[in-house]
Amino acid sequence: MLLEIKDVCAGYGDLQVLFNISMHVNEGEVVSLVGSNGAGKTTLLRILSGLEPIKSGIITFCGKDLMAMKSYERADYGIAHIPQGRGILGSLTVKENLVMGAYPKAVRANMEKNIAKAYEMFPILNERKNQLAGSLSGGEQQMLAISRALMIEPKLLMLDEPSLGLAPIVVKEMFNIISEVAKNGVSILIVEQNLKQALSVADRGYVIETGSLVMEDKASDLLNNKAIQAAYLGI
Amino acid sequence: MTWVFVQSLISGILSGGVYALFGVGITIIFGVMKMVDFSACSQLVWGMYFTWIFYAVTGLNCYYAIPFVVICMGALAFVIFKLIVRPLLGSNDTSFILVTLGLSYFLQNLAEFVFGTDPKTIPSPIKTSSIQIGEYTIGLPRFIAFCAMIVLVFAVYALLNKTTLGRAMRATAEKPEVAQMLGINTKKTFTIAFMIGVIFAGISGLLITPIYYVTPTSGSMFRTAAYIAVIIGGLGDIKGALVGGIVIGVIEGLVTGMISNDLGPVGIGLALLLVLYIRPQGFFGKGERRA
Ligand SMILES: Nc1ncnc2c1ncn2[C@@H]1O[C@H](COP(=O)(O)OP(=O)(O)O)[C@@H](O)[C@H]1O
Ligand SMILES: [Mg+2]
């Protein structure tokens, strides 16, 4: 098991946001955590990146205690996080964003090779490499965010609402890209409100409601689940 | 009249160089940490005293003291960061303002306690040397200070734009959380930014030892002029601090040279009002507003 979360409770000050969350991601698996706005999805990913503490529970990554790792050490261990809003460094150029992706020592030597791969996957980034990343369109920024995350050669790629703010056609493309990335053996944890897209690319899915997991199943089964269709897909 | 104007302009540009250097130091700290360091004037005073200590021990002129002052200021910065700044990271801006103001008085009083109040000088033939270009005179210490500023500002510019550490500092400046996700130890980049800023204040102090007496309050002229330079340049922008410093130097030079020796600060104050009226975000500022 790559990532295992056991009985995690967390929150902000007195406000508890996550209640006894237990879930896992296997090696090579695509897992989607879906739920509506305010359910606690972002909070969970921020915990996994070391940006928020937990109140109780255990999280292990590759068998190691994740909460014992400093947040800036987690990239070294192969955790890449594309935050909500993409986390592009707008005052750096496109190329500089990619270069920063290769900051962990273990992957610095592979920087040129990985940048070439990124340009091959997204030629537009090559064309715009000397432009400030802030000037890219939303879709291009998401491409840059994914490419930058891949620079660290992650074991686990976490995406927080990759579809947010993108045109429907771009959303589709984005999820195709995520499937591509998964085929290369990267484990992926997607957090989404957009159930349909997120579950259609996933192997397994979890549904979160106001801080508690209410369902876990194969993604295809969740998509066909009547209760979910009624609650989230308006079918 | 033209002679007075050109001569004042020249001295203004040159003294602006030190404001610029000092301002760039404050700007680096603000740029990365989003906090204004109000103790920089007192750090400058310590730069002057470290230079004086070096002279007292070796008898060499101030420029030989550069490595010594860099090391001392770096160490001072490190201690200040560990003891005072680090516990404040993540708290609000007001506490940083209050604490750095307090630190400023502490450093000034510590200097007074250690060195006393009587002015010290570092005698050297350079003090009174000057370069003559036609009918205009350029004081050598100011000229050297200006050149040193140019070199240091370019060095910082290259650091920020051409090195991994520099890019990490820029990443931290823009989005500290994203920087951490990318593997950057932001506490370390904060420390380095703070150290560079303090070292710049110290070097500014060193460079003015041939021009001013060394006293615990020698930093006070920088308390207004240099901070105003940073503001009119657009807080957080290195180009802005550079241009702002020189503009303030020129205004001060022209006002003192052509109107009256006492009116320099008035001219600077008016310039501030004018810039805030026309372009409140400063020359290069992006109008970013913090609470
Ligand atoms: N920094 C914060 N301080 C206090 N409460 C927060 C903070 N961030 C999020 N919350 C609260 O935590 C809950 C979960 O938020 P979040 O994890 O962002 O949900 P989601 O990503 O699923 O939309 C919400 O009720 C939100 O208001
Ligand atoms: Mg969210």
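View 1. T42(A) belongs to helix α1 (residues 41-48) of chain A and Q84(A) to the loop between β6 (79-82) and α2 (94-101) of chain A, so the pair ties together parts 42 residues apart in sequence. Helices (H or I, at least four residues) and strands (E, at least two) are DSSP runs, numbered from the N terminus. T42(A) is partly exposed at 27% relative accessibility, and Q84(A) is partly exposed at 40%. Buried means under 20% relative accessible area, exposed over 50%, and partly exposed in between (1.4 Å probe, protein chains only).

**View 2. A salt bridge between E29(A) and R204(A).** The N to O distance is 2.6 Å. E29(A) sits in the loop between β2 (15-25) and β3 (30-34) of chain A, and R204(A) in strand β9 (residues 204-209) of chain A, 175 residues apart. A salt bridge is a side-chain nitrogen of Lys or Arg within 4 Å of a carboxyl oxygen of Asp or Glu. E29(A) is buried, with a relative accessible area of 10%, and R204(A) is buried at 11%. Together with E216(A), these two residues are linked in a network of salt bridges.

**View 3. A salt bridge between chains, R46(A) to E177(B).** The closest N and O atoms are 2.7 Å apart. The pair runs from helix α1 of chain A to helix α7 (residues 176-181) of chain B. R46(A) is buried, at 17% relative accessible area, whereas E177(B) is partly exposed, at 34%.

**View 4. A salt bridge between R128(A) and E140(A).** Here N and O are 3.0 Å apart. R128(A) is in the loop between α5 (123-127) and α6 (138-151) of chain A, and E140(A) is in helix α6, 12 residues apart. R128(A) is partly exposed at 24% relative accessibility; E140(A) is buried at 14%. Over all chains, the whole structure holds 9 salt bridges.

**Notes.** Residues are numbered from 1 along each chain as its sequence is written, while chains are lettered from A and ligands numbered from 1 in the order in which they are written. In this predicted model, local features need pLDDT of at least 70, side-chain atom pairs count only at pLDDT 80 or more, and totals for chains, interfaces and linings use all residues; side-chain values use heavy atoms, with hydrogens and water left out.
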